[in-house]
Amino acid sequence: MLKHVQIIFLAAIAAIAAWTAVACAAEPPPTGMVRIPAGVYRPFFRAANDAKEISVKSFALDALPVTTRDFLEFVRAHPQWQRSGVKHLFADDSYLKNWAGDLEPGTNAPLDAPVTFVSWFAARAYAESQGKRLPTVAEWEYAAQASSTRADGENDAAFKREVLQWYSTAAPLKLGAVGRGPKNFYGAADLHGLVWEWVLDFNTAMVTGDSRGDGGIDAQYFCGAGAQGAQDLDNFPAFMRYGFRSSLKADYCVHNLGFRCAKDL
Amino acid sequence: MKRILYSIAALLLVSAKLPAEEPNTNEVRRSCCIAAAAPAEPLTDKSLYQISSSWTNDAGQAIQLSSLRGRPQIVVMFFASCQLTCPLIVSQVKQFEATLPEETRAKIGFTLVSFDSIRDTQDALKNYRAGHSLSGDNWTLLNGSPDGVLDLAAVLGVKFKQDAQGQFSHSNLITLLNSDGEIVQQFAGLNLNKEQLGVEIEKLIKD
């Protein structure tokens, strides 16, 4: 009897230990992803009624942008996403334009470089095939504001200078390999410096025409969008991203626009 | 005694498994994009009806967008609690409908799709239909999942964003689809060009 009790007691202890491990300890993110802890994102632009702060739950983010090699594997398994098979509702004529053929990226699309010329729909379909999703604007911006040494990169002058430097340089026609840039505070790299990235809710950015100010918004085309305003005029890159997203349509395929995936934890 | 201890251990083991299963509860993000094998004529390359998400109308029926196929549709994204431009847009489309001869009216459809997956339930949409006297024959009111709404807004080029009060900022866009679900023309802003819309519809019906 006593022995039994002992065994059961040990089993119970083990079970409690397992439970607490699952419930309390940070679950390691899936391979190739980094864990972004919960926090708060202050939107760069917001309308009068928008929340000042958006809380971001902890999530997993791909450490690197999706590469041509990754995407090749995807289109091999999903022929409807090959260049000749794609439906034009979901991708414009530039889809995978830099590839040599349906299954041959060729010299202009190095296997280690981020995949670009992909539409929002294609990026979503890829993410879904991996059991992942695209990050939201809030998640992406929140993860991307970290410098290599601190989570609040807005207080890191050197980091801000580097990012700004990249935003003022035109993207090369042939992109470099992923993973060469410095890892940020969370272990993700290339959020700046290589390509722009799709986000799930890119179409929430509402600027039309002249995006240098909200004078470009023609009030009759939008409902309640007249009161957009920048929160941090110093943050030019965030402003650029906002303007860029607002110019996108979901079928656009652009030479310097790639993506990475996220996942709930 | 032994039995009690066993059951405690069993309970502990069960509860040990629970937290790991929890993340599945927010499995909202479903497939986008590719419709299952289409019946009869395949959908065209640019047909919006390739979006495979599932929707619920105000009669509580689950439908696919492809069920709108067969006649031209005038599509508006809106939300029922909107106090600003949605009522204006809907009333413009209604006024337009009233200008049409009966035989034309019978050959086209009007579809209102809500941004508000949460509040625009079947009942809310039913009330909206009654409140705005939208005829049952050719007006379709739809509620969808957040992912479905995101997909449809993306193909229509509608931008939208929910603010902290739960109101939506959104593009004011009226879209004319042909009977295959391809975009024929879009009318932006609050002043619907009814003459032009009428001309386009007549063209579609003749084809």
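Residues are numbered from 1 along each chain as its sequence is written, and chains are lettered from A in the order in which they are written. In this predicted model, local features need pLDDT of at least 70 and side-chain atom pairs count only at pLDDT 80 or more, while totals for chains use all residues; side-chain values use heavy atoms, without hydrogens and water.

Q: Which residues of helix α5 of chain A are buried, and on which side of the helix do they lie?
A: Buried means under 20% relative accessible area, exposed over 50% and partly exposed in between, with a 1.4 Å probe and protein chains only. Helices are DSSP runs of H or I with at least four residues, strands are runs of E with at least two, and both are numbered from the N terminus. Helix α5 spans residues 157-167, and its buried residues cover an arc of only 100 degrees around the axis (taken from the directions from the axis to the C-beta atoms), which puts them on the same side. They are Phe159(A), Val163(A), Trp166(A) and Tyr167(A).

Q: Which residues are exposed on the other side of α5(A)?
A: The buried residues of α5(A) pack against α4 (137-144), β6 (196-197) and α6 (236-246) of chain A, where contact means heavy atoms within 4.5 Å. On the other side, the exposed residues are Ala157(A), Arg161(A) and Gln165(A).

Q: How many aromatic pairs does the structure hold over all chains, and what is the pair of Tyr167(A) and Trp196(A)?
A: Rings of Phe, Tyr and Trp (its six-membered ring) pair if their centres lie within 6.5 Å; planes under 30 degrees apart count as stacked, over 60 as edge-to-face and the rest as tilted. The total over all chains is 24 aromatic pairs. The rings of Tyr167(A) and Trp196(A) have centres 5.1 Å apart and planes at 85 degrees, so this pair is edge-to-face.

Q: How many residues apart in sequence are the parts that Tyr167(A) and Trp196(A) tie together?
A: Tyr167(A) is buried at 10% relative accessibility, and Trp196(A) is buried at 13%. Because Tyr167(A) lies in helix α5 of chain A and Trp196(A) in strand β6 of chain A, the pair ties together parts that are 29 residues apart.

Q: What percentage of the residues of chain B count as buried?
A: Chain B has six helices and nine strands. Of its 207 residues, the buried share is 48%.
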